[in-house]
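Here are my notes on this model. Please read them with the structure open.

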Amino acid sequence: MTGAGISAESGLPTFRGAGGLWEGHRVEDVATPRAFARDPDLVLRFYDARRRALATVEPNPAHRALARLEAAWEGPFLLVTQNVDDLHERAGSKRLLHMHGELLRARCTRCGWADRWSGDLLGVACPACGRLPALRPDIVWFEEIPIGLERIEAALADCRLFAAIGTSGRVWPAAGFVERARRAGAHTVELNLEPGEASDRFHEQRFGPASRVVTAWVAELLAGR
């Protein structure tokens, strides 16, 4: 499982910065259904800027190391990311689940249409029903249900090795995955810049920049197979 810390080295900001702000905005003002209902233009401007910023960054060695691990791993493998960017895909990951949705997708709040979307959303009518305003980023905001929970639960129940990479351990239900993996008998590893809130639940911890610790961990795994 990966969180914002793995993409920070590519130049994307982590979700909560100093003072609990995200790019100068309170999370409550840009990442909840109520925020969108109250001020859709503000929310769309915010995510339009995030989408444009995504086009300026590239995957880093940690993203590429996980893609190499997936390609070499012969057994079941699932990469669950809390990130809405596409850096894992660009690095080559395929067995991937975006539990919080994808920034490069849009969906209509009126008719349910959804598809890939790379441009701005502000002032754009739904291509299916023509309504305006109707489009929103196809991502999971606070107070909404994450994507693919049944698939994740099934993977955790059969898990033998669980790694959490670049995640604070504050956001649920992802923060509870390590405990589910432990109950299944998995060896659990935290790879993080610093200890997360659930750090004491991991059998093994490695701290440092993701590009260094993830690359080294993957190299060890592949050398031991």
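1. Helix pair, contacts. P61, A62, A65, L66, R68, L69 and A72 in α5 meet A210, S211, V214, T215, W217, V218, L221 and L222 in α9. Contact means heavy atoms within 4.5 Å. Helices (H or I, at least four residues) and strands (E, at least two) are DSSP runs, numbered from the N terminus.

2. Basis. This is a predicted model: local features need pLDDT of at least 70, side-chain atom pairs count only at pLDDT 80 or more, and totals for chains, interfaces and linings use all residues. Residues are numbered from 1 along each chain as its sequence is written, and side-chain values use heavy atoms, with hydrogens and water left out.

3. Helix pair, geometry. The axes of α5 (residues 61-72) and α9 (residues 210-223) come within 8 Å and cross at roughly 15°. Therefore α5 is roughly parallel to α9 (angles under 35 degrees). Axes are lines fitted to C-alpha atoms, for helices over the stretch in contact, and angles run from 0 to 180 degrees between N-to-C directions.

4. Sheet. Three strands form an open sheet in the order β8-β9-β10, with parallel pairing. The edge strands, β8 (161-165) and β10 (204-207), each pair on one side only. Strands pair if DSSP finds at least two bridges between them. The twist averages 15° from one strand to the next. β9 (residues 187-192) and β10 pair over 4 bridges. V189 has E204 in β10 as its bridge partner.

5. Cysteines. A search of the whole structure finds 0 disulfides (cysteine sulfur pairs within 2.5 Å). For C111, the nearest cysteine sulfur, that of C108, is 3.7 Å away. C111 is partly exposed at 41% relative accessibility, whereas C159 is buried at 11%. Buried means under 20% relative accessible area, exposed over 50%, partly exposed in between (1.4 Å probe, protein chains only).

Key: Parallel < 35°, antiparallel > 145°, perpendicular 65-115°, else oblique.
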